[in-house]
Amino acid sequence: MACEKDTKELKQTKTKEEKMEEVVKTQEGVLVLKNMPEFKAAAYDAATGHYTEVSSEDYKGKWTVICFYPADFTFVCPTEIAAMNAALPFLKELGVEVLAVSTDTKYSHKRFVETEPLLKDLKLKIAEDPTGEITRKFGVMIEGAGLALRGRFLINPDGQIVAQEVQAPPVGRSIKEFIRQIIAHQHAYKTGEVCPANWKPGKKTLPVNTDIEPMTGNVGKYVTLEDLIDENDVKEMKEMVEKFKSM
C-alpha cells in the first residue's frame with residue numbers, strides 16, 4: 001500500500017518544464033506554448049495572381065510560419081518578403097507552410113507585388129487584415145498606427161506556437177537564422193532531444209531520455225564551448241563588428 005501511495009504521489013509531481021509551460025500559457029503577450037489563434041481572411045496569392053481565402057484551418061497538422069510586416073510600399077518590408085521567398089524552396093523541403101500578413105488590403109498586396117522589383121516571381125500568399133483583428137490576436141499591433149510589428153511565429157503540427165520573434169520596424173529579420181531554428185525545433189519535435197545554443201544538424205544534442213541528474217551542473221561534460229560557437233562563427237561575428245565600426 002505504501003508503495004502504491006508513493007507511486008501515485010510521484011505521478012502527481014510535475015516537472016519544472018510542465019510547471020513552466022502552465023505559467024507561460026497564462027502570460028499575456030507571450031504566445032509561445034499557446035495554440036495558434038483562430039483566423040480567417042482574404043489574401044492575395046502571388047503564385048497564381050489571384051485572390052483567395054485563408055484560415056487557420058488550412059495550417060492545422062502542418063509546420064507553419066505566420067509572418068507579420070508593417071505595410072506594403074515601405075522600405076524594409078519588401079526585403080524581408082523577398083528573402084523569405086528566396087528561402088521558400090528550403091522551407092518547402094522542410095514541409096513548412098508560409099503566410100505573410102499586414103494590415104493592408106488584398107488589393108494593396110496585389111499592386112505592391114506587381115510594382116516592387118524585389119517581389120518579382122513571388123510565390124507567397126499575403127493575407128489582408130485591414131481591421132487589425134488577426135494582428136491583435138497575435139499581439140503585434142502598433143495601436144494608434146494601425147500597423148503590425150515585425151512578428152514571426154513558428155507553429156508545429158499540433159497547432160502550438162514554438163517560436164515567437166518580434167522586432168521594431170527599422171530592422172529586418174534573418175531568414176538564415178530562422179531556418180536554423182526551424183530545423184532545430186523539428187529535430188526536437190521528432191526525437192524528443194533538446195538542442196543547445198547555435199545547434200545545427202551534425203552538432204551534439206543533449207540527452208533527455210536518460211537519468212538527467214548526472215547532467216545537472218555538468219552540461220560541459222556533454223558539450224564544449226567549441227560545440228556551441230566554432231571558428232567560423234567567431235570569424236563571422238568579428239567581421240560583422242569590424243565592418244559596422246568602420247561604417
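Here is a short exchange on a predicted model and the reasoning behind its labels.

Me: How do you know that strand 1 and strand 2 pair?
Reply: Pairing needs at least two bridges. Strand 1 and strand 2 have six, in the antiparallel sense. Therefore they count as paired.

Me: What makes up the hairpin of strand 1 and strand 2?
Reply: The two strands are separated by four residues. In the turn, Gly49 has a positive phi of about 80°.

Me: What is the order of the strands in the sheet?
Reply: Seven strands run in the order 2-1-5-4-3-8-9. The sheet is open, with mixed pairing. Strand 2 (50-55) and strand 9 are at the edges, because each has a single partner strand. One side of each therefore has no neighbour in the sheet. From one strand to the next, the twist averages 25°.

Me: How do you know that strand 3 and strand 8 pair?
Reply: The cut-off is at least two bridges. Strand 3 and strand 8 (residues 150-155) share four, so they pair. The sense is antiparallel. Ile66 has Phe153 as its bridge partner in strand 8.

Me: Which strands does helix 5 touch as it packs on the sheet?
Reply: Helix 5 touches strand 1 (40-45), strand 2, strand 4 and strand 5 (125-128). The direction of helix 5 makes about 20° with that of strand 1.

Me: Why are the buried residues of helix 5 said to be on the same side?
Reply: The buried residues are Lys106, Ser108, His109, Phe112 and Val113. They cover an arc of only 155° around the axis, so they sit on the same side of helix 5. Tyr107 and Arg111 are exposed, on the face turned away from the buried side. The cover over the buried residues includes strand 1, strand 2, helix 3, strand 4 and strand 5.

Me: What makes Glu80 and Arg150 a salt bridge?
Reply: The limit is 4 Å between a side-chain nitrogen and a carboxyl oxygen. Glu80 and Arg150 meet at 2.9 Å, N to O, so the pair qualifies. Glu80 is in helix 3 and Arg150 in strand 8, 70 residues apart. The pair thus links distant parts of the chain.

Me: Are Glu80 and Arg150 buried or exposed?
Reply: Buried means under 20% relative accessible area. Glu80 has 11%, so Glu80 is buried. Arg150 has 3%, so Arg150 is buried too.

Me: Why is Cys77 called buried?
Reply: Cys77 has 1% relative accessibility. The cut-off is under 20%, so Cys77 counts as buried. Cys77 belongs to helix 3. Leaving out residues up to four places away in sequence, Cys77 touches Tyr69, Pro70, Ala71 and Arg150. Cys77 and Arg150 are 73 residues apart in sequence and 8.9 Å apart in space, C-alpha to C-alpha.

Me: What separates Glu114 and Lys110 along helix 5?
Reply: About one helical turn, because they are four residues apart. Their side chains meet in a salt bridge at 2.4 Å, N to O.

Me: Why do Glu114 and Lys110 count as partly exposed?
Reply: Partly exposed lies between the buried limit of 20% and the exposed limit of 50%. Glu114 is at 46%, so Glu114 falls in that range. Lys110 is at 23%, so Lys110 does too.

Me: What makes Lys200 and Asp233 a link between parts of the chain?
Reply: Lys200 lies in the loop between helix 7 and helix 8 (225-228). Asp233 is in helix 9 (residues 231-245), so the pair ties together parts 33 residues apart in sequence. Their salt bridge is 3.7 Å, N to O. That is within 4 Å, so the pair counts.

Me: How many salt bridges does the structure hold?
Reply: The structure holds 13.

Me: Which residues have the most contacts inside the largest nonpolar core?
Reply: Val65, Met84, Leu91, Leu122 and Leu154. That core has 29 residues. Apart from it lies another core, of 19 residues, including Met36 and Tyr59.

Key. Residues numbered from 1 in each chain as written. Heavy atoms only, no water. Core = buried A, V, L, I, M, F, W, Y, C linked by side-chain atoms within 4.5 Å. Buried < 20%, exposed > 50% of the residue type's maximum accessible area, 1.4 Å probe, protein only. Axes fitted to C-alpha atoms, helices over the stretch in contact; angles between N-to-C directions. Contact = heavy atoms within 4.5 Å. Arc of directions from axis to C-beta.
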